[in-house]
Amino acid sequence: MNRIPYARHSIDDADIEAVCEVLKSDWLTTGPKIDEFESAVAAKLGCRFAVAVNSGTAALHCAVHAANIGPGDEVIVPAITFAATSNAVLYLGARPVFADVLADSLLIDPEDVLRKITPRTKAIIAVDYAGAACDYAALRAITDRYRLTLIADACHSLGGKYRQQSVGQWGDLNCFSMHPVKPITSGEGGFITCDSEYAAARMRSFRNHGIDLDFRQRERMGSWSYAMTELGFNYRLNDLQAALALSQLRKLEEWTARRNEIALWYRDAMASMPLRAVTPLKTSADVVHAYHLFVVRWNRATAGIDRDTALGRLRQNGIFANVHYQPVYLHPYYQRRLRYRQGTCPIAENAAREVISLPMFPGLQRSDVDHVVEQLRLLTARDTRAA
Ligand SMILES: *Cc1c(COP(=O)(O)O)cnc(C)c1O
């Protein structure tokens, strides 16, 4: 049987060619492709600077570091996200404080952010969950009022927009991932965009052990000496990955359009399921969705079976739908080691029992979508009877 994953990368001959060229060149790691990729992605997103790193997690770690977060500080993060978002806060010895999400979009709720602010709050990390930009106008009003740094975890939303402007421009620091399931891939990889020259320089140093100059800069200056000025990491993207990322970036608009087309197919099909046992998340008119994920809520009462049973049945029919995410603070590490409490974000906890990420990626065919929709119809048989 045809196996349909929830996400999948697309690689074409141009991508392969781009990587092979680097393999034959003088530079395998930080070389000319890094500069080329950083310039291209900064130009595409309309930002002054882009800093390439080797994962989205590294991007978040760099951003939280550049925001001068440290022990004793608090950073507000949404309950519904990948653990990497709040782990980045822990890496710096600070405490993530979880804000609840809005019930219809599962994006961070600005009102709950306000309730969670204390004198120790230094930053907010907003997550563009599923590919929909957060309410950046509301979040910016809060960060202005309380003098906080606004970090965007835009790992899902590359290709998307908020109020006609590209994501990557809305946070003080904006983090992206190039893991294979994400909008573009470099195998593993990530980057941060910002308009602050100071922040960009600090993140460039942080990705290279905290050393002020990289090897190529020293070579250009004819110098062998370097200074390590703070404690950094090896978060360098390599030139093979940067070449792949550059080649993928050229297809971003086409892929975003395709994802939106697929989302319309799903939405149309679901609108005609009368009992609404499966409902897509709501989207805002302010947003061009990037549809990293196509998330629906499974209504157990109307469907007659629970979400996990439905996921199992979909799998038996070759559909590898997934769940994004359980609230981060319910993970054993957060519960047992860090003593976060169940009940902190009730809307998120409730939603986590209902969400399903249906297959969504540019290579998905109409026939695949029809198969998924047909299986959903069969699973929600009460729907069919009512119709
Ligand atoms: C994927 C992802 C990350 C981490 O990216 P990696 O490249 O896998 O390290 C962080 N935050 C969110 C919301 C993500 O989806």
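**Figure 1. Strand β13, covered on both faces.** Look at β13 and you'll find buried side chains on either side: Phe 294, Val 296 and Trp 298 on one face, Val 295 and Arg 297 on the other. Buried here means under 20% relative accessible area, with exposed being over 50% and partly exposed in between (1.4 Å probe, protein chains only). In a regular strand, side chains alternate between the two faces of the sheet. Five of the five residues of β13 (residues 294-298) are buried, so the strand is largely enclosed by the rest of the structure. Strand names, like helix names, come from DSSP runs numbered from the N terminus (helices are H or I, at least four residues; strands are E, at least two).

A word on what you're looking at: this is a predicted model, where local features need pLDDT of at least 70 and side-chain atom pairs count only at pLDDT 80 or more, while totals for chains, interfaces and linings use all residues. Residues are numbered from 1 along each chain as its sequence is written, and side-chain values use heavy atoms, with hydrogens and water left out.

**Figure 2. The neighbours of β13.** Two strands count as paired if DSSP finds at least two bridges between them. With strand β11 (residues 278-280), β13 pairs in the antiparallel sense over three bridges, and Pro 280 stands opposite Val 296. The pairing of β13 with strand β15 (residues 355-358) is antiparallel too, over four bridges. Here, Val 295 has Ser 357 of β15 as its bridge partner.

**Figure 3. Strand β5 and its parallel partners.** How many of the seven residues of β5 are buried? Six of them are, which leaves this strand (residues 121-127) mostly covered. Strand β3 (residues 74-78) runs parallel to β5 and is joined to it by three bridges, with Glu 74 opposite Thr 121 of β5. Strand β6 (residues 149-153) is also parallel to β5, joined by five bridges. Look for Ile 124, whose bridge partner in β6 is Leu 150. Follow the chain from β5 through helix α6 (residues 136-146) to β6 and you have a right-handed β-α-β unit. Right-handed means that, with the strands pointing away from the viewer, the path from the first strand over the helix to the second runs clockwise.

Figure 4. Which residues come nearest to the ligand? Of the 16 around it, they are Gly 56, Thr 57, His 156, Ser 177 and Lys 182. For Lys 182, the distance from a side-chain N or O atom to a ligand oxygen is 2.9 Å. A polar contact is a pair of N or O atoms within 3.5 Å; within protein, one must be able to donate a hydrogen and the other to accept it, and residues adjacent in sequence count only if both atoms are side-chain atoms. The protein covers 93% of the 380 Å² of accessible area that the ligand has on its own, going by the Shrake-Rupley method with a 1.4 Å probe. Helices α3 (56-66) and α4 (83-91) are the elements giving two or more residues to this shell, and α3 gives the most, with three.

Figure 5. At 5% relative accessibility, His 156 counts as buried. Its side chain also reaches the backbone nitrogen of Ala 130, at 2.9 Å. Gly 160 is found in that loop as well, and is buried with a relative accessible area of 2%. From Gly 160 to Leu 45, the C-alpha atoms are 9.8 Å apart, although 115 residues separate the two along the chain.

**Figure 6. A three-stranded open sheet.** The strand order is β8-β7-β12, with antiparallel pairing. Which strands stand at the edges? They are β8 (165-166) and β12 (287-288); each has a single partner strand, so one side of each is left without a neighbour in the sheet. Two bridges link β7 and β12, and Lys 161 has Val 288 of β12 as its bridge partner.

**Figure 7. Ser 196, between β10 and α7.** Buried or exposed, or something in between? Ser 196 is partly exposed, with a relative accessible area of 31%, and lies in the loop between β10 (190-194) and α7 (197-206). The side chain of Ser 196 reaches the backbone nitrogen of Tyr 198 at 3.4 Å.

How values were computed. A residue is near a molecule or strand if one of its heavy atoms lies within 4 Å of it.
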